[in-house]
Amino acid sequence: MAGKISLKNKGPIIAPSLLSADPLAVSESIKSLGGLHDWIHVDVMDGHFVPNISYGPALVSALKKHYPAEVLDVHLMVDSPENFIEPFAEAGADYLTVHVESTRHLHRLLCRIKELGCKPGVTLNPATPVEIIRPVLHLVDMVLVMSVNPGFGGQSFIPEVMQKIISLCRWRIVSDLDFLIEIDGGIGIDNMQEVVRSGCDVLVMGSAILGKAEPAEEIMKMRKILKEEGLDER
Ligand code: DX5
Ligand code: ZN
């Protein structure tokens, strides 16, 4: 089961973000990964919660139809996410991650995502303290730590968020939970080792993979480095 593949067992999950793909050539971008990725990260933006607009459920549905074996990791950066979880679940999202800042009723929302048959994820902006999500950690399959302010690809990693990863790893052990820790924003070949060493299980990368001329080669280079450092046993 994809959700069980984590550093604890094998190595980090690599999730290229489609935000760095050519919108007119998404299929070619997926092909350019050469099957070396683990998941596909889909960034959904509404122009309200974040100052940018991207995709809707139609893209997720098309991805599921054409690539049924892909794990679709859907990151909702929208206001009122309760209005959108059903269409994205129906479209075929595997992981459905919502921002704690976007809803008044996070507990209810996460329970509903699970009822709809998706794996619930929770995420938080760089300025949001991680303690706010501690009461819902038992409900989620994944915590996404945003390492840039959401809305755009190609931004610089914000190092202050590393402390959140350390807290999450500690809470995961003391409470005997098994959620994955994902990191998103400004990750690339130069800092991936540091975040994996800190406990991240899932690496979202936009510009560092699909923003490059040869995405499959980039993933190969990353896996080689991770293996050499003993951080990937696959
Ligand atoms: C930002 C998105 C990210 C974005 C990351 O709001 O959530 O998934 O694609 O892009 P890079 O890896 O270029 O920072
Ligand atoms: Zn994202």
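This is a predicted model: local features need pLDDT of at least 70, side-chain atom pairs count only at pLDDT 80 or more; totals for chains, interfaces and linings use all residues.
## Overall build

Helices and strands are here DSSP runs, helices having at least four residues and strands at least two, and they are numbered from the N terminus.

The C-alpha trace spans about 40 × 40 × 30 Å along its principal axes. Of the 234 residues, 55% are buried. Among contacts with a separation of 6 or more, 65% are between residues 24 or more positions apart. The protein exposes about 10,500 Å², and carbon and sulfur atoms supply 53% of that area.

## The zinc site

Let us turn to the metal. Which residues coordinate the zinc ion (ligand 2)? The donor residues are His41 (NE2), Asp43 (OD), His75 (ND1) and Asp184 (OD), at 2.0 to 2.3 Å.

The site of the zinc ion (ligand 2) is octahedral, with angles of 68 to 166° among its six donor atoms. For reference, ideal angles for six octahedral donors are 90 or 180 degrees.

Are Asp43 and His75 buried or exposed? Asp43 has a relative accessible area of 4%, so this residue is buried, the cut-off for buried being under 20%. His75 counts as buried as well, at 0% relative accessibility.

Side chains of opposite charge can pair when their charged atoms come close. How many salt bridges does the structure hold? There are eleven.

One of them joins the side chains of Lys64 and Asp94, at 2.8 Å from N to O. Lys64 lies in helix α2 (residues 57–66) and Asp94 in the loop between α3 (85–91) and β4 (95–99), so this pair ties together parts that are 30 residues apart in sequence. Asp94 counts as partly exposed, at 24% relative accessibility.

A further salt bridge brings together the side chains of Glu86 and Arg112, at 2.9 Å from N to O. This pair links distant parts of the chain, with Glu86 in helix α3 and Arg112 in helix α4 (residues 106–115), 26 residues apart. Glu86 is partly exposed at 37% relative accessibility, and Arg112 is partly exposed at 31%.

Helix α7 (residues 215–228) contains both Lys221 and Glu218, three residues apart, about one turn of the helix. Their side chains meet in a salt bridge at 3.3 Å from N to O.

Ala208 sits in the loop between β8 (202–205) and α7. At 12% relative accessibility, Ala208 counts as buried. What does Ala208 touch, not counting residues up to four places away in sequence? Its contacts are Ile187, Gly188, Glu218 and Met222. Glu218, one of these neighbours, is also the salt-bridge partner of Lys221. The C-alpha atoms of Ala208 and Pro23 are separated by 17 Å, and these residues are 185 apart along the chain.

Gln193 is found in helix α6 (residues 192–198). With a relative accessible area of 18%, Gln193 is buried, under the 20% cut-off. Leaving aside residues up to four places away in sequence, Gln193 touches Ile225, Glu229 and Leu231.

Methods: Residues are numbered from 1 along each chain as its sequence is written. Chains are lettered from A and ligands numbered from 1 in the order in which they are written. Side-chain values use heavy atoms; hydrogens and water are left out. Donors are N, O and S atoms within 2.8 Å of the metal (3.2 Å for Na, K and Ca); water is not among the atoms, so sites may look incomplete. Four donors count as tetrahedral if all angles lie between 85 and 135 degrees; four count as square planar and six as octahedral if opposite donors are over 155 degrees apart and all others between 65 and 115; anything else is irregular. Buried means under 20% relative accessible area, exposed over 50%, partly exposed in between (1.4 Å probe, protein chains only). Contact means heavy atoms within 4.5 Å. Accessible areas come from the Shrake-Rupley method with a 1.4 Å probe; for residues, only the protein chains shown count as cover. A salt bridge is a side-chain nitrogen of Lys or Arg within 4 Å of a carboxyl oxygen of Asp or Glu.
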